[in-house]
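Hello,

Here is the structure we talked about handing over. Please look through it first; my notes follow below.

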Amino acid sequence: MTTGIALLGATGSIGETAQRVVARHTDRFRFVALTANGNRDALSKAVAQWSPDYVGLVEPGTAPLPAGWGKGTDCLLEAARHPDASIVLNAVVGAAGLGATLAAVHAGKRVALANKESLVVGGALVQRAARESGGEVIPVDSEHSALLQCLAGRVGGDGPGLLPVQGVRRFIITASGGPFRTWETERIRGALLADALNHPTWAMGKKITVDSASLANKALEVIEAHVLYGVPYDRIEVVVHPQSIVHSMVEFEDGSILAQLGVPSMELPVLYALGYPDRVEDVGVPRFDPVAAASLTFEAVRHDAFPTLELGVSSGRRGGAAPAVFNAANEQAVARFLAGSLSFAGIPAAIGAALDRLADLPGDDLPALLAADAAARTFVQEFR
Ligand code: NAD
Ligand code: MG
């Protein structure tokens, strides 16, 4: 019997990676549901390859849909609850993925989670749902997959977090540093879109690529690590590692540090989340050659040049609606940067102003978090 997977965001960078990986393991996995936002052609291609039971296109436009296809945001929820799916691979980008994560966890599924924004915006809600339903979240993000691999045998039992861990002194989360790692601070402020999209080590969707240039992505990941593993913020460090080979490290109580290494490819983290806790034999995942790599280097984050990181981490420490405000403000600022109506320096400026105004909004339940999210988007849209 193969394991059924609902793939949300099938046409994106992670969605395509997941299709490539599963194509090598059709003896173990199959796609039972596929969704995309608006890319009908890419979705049709995936449907032709996988013949899923359920297909959803969130924004179909005006052309009529093929018979049986779902549409609108409800199709994400329907795919997330599909009875034949044991695993929901959430590869949607942005807070738009939160509802599906919650629906899948509520339905008792394993969520293989690429959509880190789910945990940043609604970490406490996802945790409550998991406790009530027996659903679980296994990270796809490479840093969090690395942490999970280093933590083998130490996950479980009582403690905060979706995957409570024992005996950890410190997480060291690595960051490539993005395309502006070596740029003067003033030059970064005026960076152009083409510069920001020119990532040195990873090929990804546009939003996360801009987030990697501003280090907003690393802020989201620090919060994601805190929510997943329950490790306090003062034990989570970020270190710049330009080669993107060491995907993160765990320091244990005796001072020993374990790291997980591999070439920068999302194929392994996707496969690991699908097969966890087993390792699935795969000769297709690109291999790392230490001699060819020759040297791995590490350096401190330049917080003055990348203020978005600290804005995000402090929103996580603050809790409540603050991380939802940070995330929504960032999403809207990135959308404006992509559209050419905000400078690169405008991203942290808009986020900082949104947090000053909105971080204390209530954030106790989903309606409150969605209201904070909407308020932050409106604020940043009007930010000058
Ligand atoms: P992408 O933009 O390439 O793809 C996004 C996918 O989600 C597409 O299939 C799109 O159709 C769908 N989508 C977009 N907006 C939607 C909406 N409002 N409702 C429903 N579906 C929507 O993005 P990506 O780079 O694949 O990233 C996806 C997620 O994975 C993000 O949360 C990102 O942070 C995370 N992630 C990506 C990578 C990577 O290498 N790309 C690595 C780690 C984590
Ligand atoms: Mg990552």
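Strand β3 (residues 54-57) and β4 run parallel and are joined by two bridges. Leu57 has Lys71 as its bridge partner in β4. Two strands count as paired if DSSP finds at least two bridges between them.

This is a predicted model, in which local features need pLDDT of at least 70, side-chain atom pairs count only at pLDDT 80 or more, and totals for chains, interfaces and linings use all residues. Residues are numbered from 1 along each chain as its sequence is written, chains are lettered from A and ligands numbered from 1 in the order in which they are written, and side-chain values use heavy atoms, with hydrogens and water left out.

**The open sheet**

β3 and β4 belong to an open sheet of seven strands, paired in parallel, in the order β4-β3-β2-β1-β5-β6-β7. β4 (70-71) and β7 (136-139) are at the edges with a single partner strand each, so one side of each has no neighbour in the sheet.

**Around β1 and α1**

Gly9 sits in the loop between β1 and α1. Its relative accessible area is 11%, so Gly9 is buried. The cut-offs: buried is under 20% relative accessible area, exposed is over 50%, and partly exposed is in between (1.4 Å probe, protein chains only). Not counting residues up to four places away in sequence, Gly9 touches Gly15, Thr35, Ala91 and Val92. Contact means heavy atoms within 4.5 Å. From Gly9 to Ala273 is 264 residues in sequence and 16 Å in space, C-alpha to C-alpha.

In helix α1 (residues 13-23), the buried residues include Ile14, Gly15, Thr17 and Ala18. The buried residues of α1 pack against β1 (3-8), β2 (29-36), α2 (40-50), β5 (87-90) and α11.

**The antiparallel strands**

β10 pairs in the antiparallel sense with strand β8 (residues 168-175), over four bridges. Ile172 stands opposite Met249 in β10. With strand β11 (residues 257-261), β10 also pairs antiparallel, over five bridges. There, Val246 has Leu261 of β11 as its bridge partner. The β10 and β11 hairpin has four residues between the strands, and Gly255 takes a positive phi near 95° in it. Seven of the seven residues of β10 are buried, so the rest of the structure largely encloses this strand.

Ser244 lies in the loop between β9 (236-240) and β10 (246-252). Ser244 is buried, at 5% relative accessibility. Leaving out residues up to four places away in sequence, Ser244 touches Ser176, Thr201, Trp202, Gly262, Val263 and Pro264.

Asp141 and Glu143 are both buried.

Ser145 is in helix α6. Ser145 is buried too, with a relative accessible area of 1%. Beyond its neighbours within four places in sequence, Ser145 contacts Pro139, Val140, Pro269 and Tyr272.

**Pocket and cavity**

The second largest pocket holds about 430 Å³ of space. Of its 24 lining residues, Gln260, Leu261, Leu268, Val285 and Pro286 are the closest to its centre. α6 (142-150), β11 and α11 (267-275) each supply at least two residues of the lining.

On a 1 Å grid over the protein atoms alone, a pocket is an open set of points with protein on both sides within 12 Å along at least five of seven lines; in a cavity, a 1.4 Å probe fits but cannot get out; lining residues have an atom within 4 Å of a point. Grid points are joined across faces, edges and corners, and a volume is the space filled by probe spheres set on the points.

The structure holds one cavity of 30 Å³ or more. The largest cavity has a volume of about 60 Å³. Its lining includes Gly177, Arg181, Leu215 and Phe306.

Best wishes
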